[in-house]
Structure formats: C-alpha cells, structure tokens
Amino acid sequence: MNPQSPDTAQEVEQHFNLRAYLLGTWTVERTLLDRSAGTRGSFTGLVRVTETADDGGLRFREEGTVAWASAPGAPEGTPFTGTASREYLLRPTGTPDTMDMFFPDGRPFHRMGFGPQSHRDQHWCDPDSYRVNYTRTGPDEFRYEWDVTGPAKDQLLTSVLRRTTDAAA
C-alpha cells in the first residue's frame with residue numbers, strides 16, 4: 001500500500017469537483033437520535049440536486065418520510081410518522097472542492113466539502129451548536145453527521161446518500 005503524501009491528498013482535494021459530483025438524484029437514509037429523551041427515529045427519501053440558473057449554483061431538495069418511535073414533545077410512547085421536506089441552495093466558493101450552503105431565504109448555513117481541510121463545519125442556531133462532518137465513501141455514496149448540542153437540543157443525525165440510477169426517481 002502506498003499512502004498519499006499530504007501534498008498529493010491536497011492536490012486531489014483541489015481537483016475534486018463537488019458540484020459535478022452532487023448533481024443528480026440520491027436516496028437518503030437518516031437515523032435520528034434524541035439523546036436527551038432517549039428516542040430514536042428515521043428519515044427515508046430522495047434528494048434531488050439540480051442546477052440553478054447560470055450562476056454555478058445548485059438546489060438541494062430533500063423529500064421523504066420521517067418516523068419517531070416516540071415523538072419529541074409528545075406524551076410518552078406516542079409515535080409519529082409523516083412527510084418531511086427541506087431545501088437548500090449551494091453556491092460556488094473559490095475552489096471546486098467546496099460549496100457554501102444557504103437556506104432558501106439566503107441566510108448562510110455552512111460550507112460543504114469532503115477534503116481533509118473542508119469536511120467539517122459548524123452552524124450556530126441560537127441557542128444550540130450544530131457541527132457537521134462529511135465523508136465521501138465512493139463515487140456514488142457519501143455520508144454526513146450532524147451533532148447538535150445545547151440547552152434546547154441534544155441530537156445526533158446521521159445521513160447516508162446513495163446515487164440512484166432509476167430514471168423514475
């Protein structure tokens with residue numbers, strides 16, 4: 001085995017095109033853990049990543065079903081299942097291996113990337129801290145994990161996205 005030198009790893013990161021990698025349709029499976037309540041949930045669905053106008057940006061739209069064994073804030077043992085969706089906008093940065101993610105109204109969210117220097121970021125959502133870690137596991141799969149801590153939330157959200165080749169997706 002010939003491990004990559006730091007220079008080689010950095011060079012690979014700089015030539016990786018995150019925008020091209022993300023374009024398309026992905027399945028998503030997410031595990032939800034509310035550590036403060038000890039409850040677990042899941043989210044399954046599709047993520048469609050499409051081009052925005054001619055600005056080099058992307059639209060990241062997620063739709064699916066969320067299920068909690070015991071819904072947070074509900075009486076003990078009350079399950080919840082329902083549809084859920086969210087959307088973000090990704091904008092180019094100064095390098096092709098990262099993109100900045102924004103909420104639909106233009107507020108900044110965080111930076112996305114898979115490189116040694118760009119795979120982690122954080123977002124403050126008063127009063128809690130959201131820390132994300134991205135991992136590209138192959139040409140058609142990546143993962144990210146949000147560790148949310150603070151006085152209002154104590155959650156761990158782990159997502160696995162796999163590229164789909166199903167034209168009907």
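Is Tyr-21 buried or exposed? Tyr-21 is buried, with a relative accessible area of 7%, where buried means under 20% relative accessible area, exposed over 50% and partly exposed in between, for a 1.4 Å probe and protein chains only. The model is predicted, so local features need pLDDT of at least 70 and side-chain atom pairs count only at pLDDT 80 or more, while totals for chains, interfaces and linings use all residues. Residues are numbered from 1 along each chain as its sequence is written, and side-chain values use heavy atoms, with hydrogens and water left out.

**Aromatic rings**

- The whole structure holds 16 aromatic pairs, counted where rings of Phe, Tyr and Trp (its six-membered ring) have centres within 6.5 Å, with planes under 30 degrees apart called stacked, over 60 edge-to-face and the rest tilted.
- Phe-16 and Tyr-21 form a tilted pair, because their ring centres are 5.4 Å apart and their planes stand at 55 degrees; Phe-16 also counts as buried, at 15% relative accessibility.
- Phe-109 and Trp-146 form a stacked pair, with 5.2 Å centre to centre and 10 degrees between the planes, and both residues are buried.
- Since Phe-109 lies in strand S6 (residues 108-113) and Trp-146 in strand S9 (residues 141-149), this pair ties together parts that are 37 residues apart in sequence; strands here are DSSP runs (E, at least two residues), numbered from the N terminus.
- Ring pairs join Phe-16 and Tyr-21 with Trp-26, Phe-114, Tyr-134, Phe-142 and Tyr-144 in a cluster.

**Charges over rings**

- The charged end of Arg-163 sits over the ring of Tyr-21, 5.4 Å from its centre, a contact that requires NZ of Lys or CZ of Arg within 6 Å of the ring centre and within 35 degrees of the ring normal.
- Arg-107 lies over the face of Phe-103, at 4.3 Å from the ring centre.

**Strand pairing**

- S1 and strand S2 (residues 39-51) pair in the antiparallel sense over eleven bridges, where pairing requires that DSSP finds at least two bridges between two strands.
- Gly-24 stands opposite Val-49 in S2, and in the hairpin of S1 and S2, with four residues between the strands, Gly-38 takes a positive phi near 75 degrees.
- S1 and S10 also pair in the antiparallel sense, over nine bridges, and Leu-32 stands opposite Leu-157 in S10.
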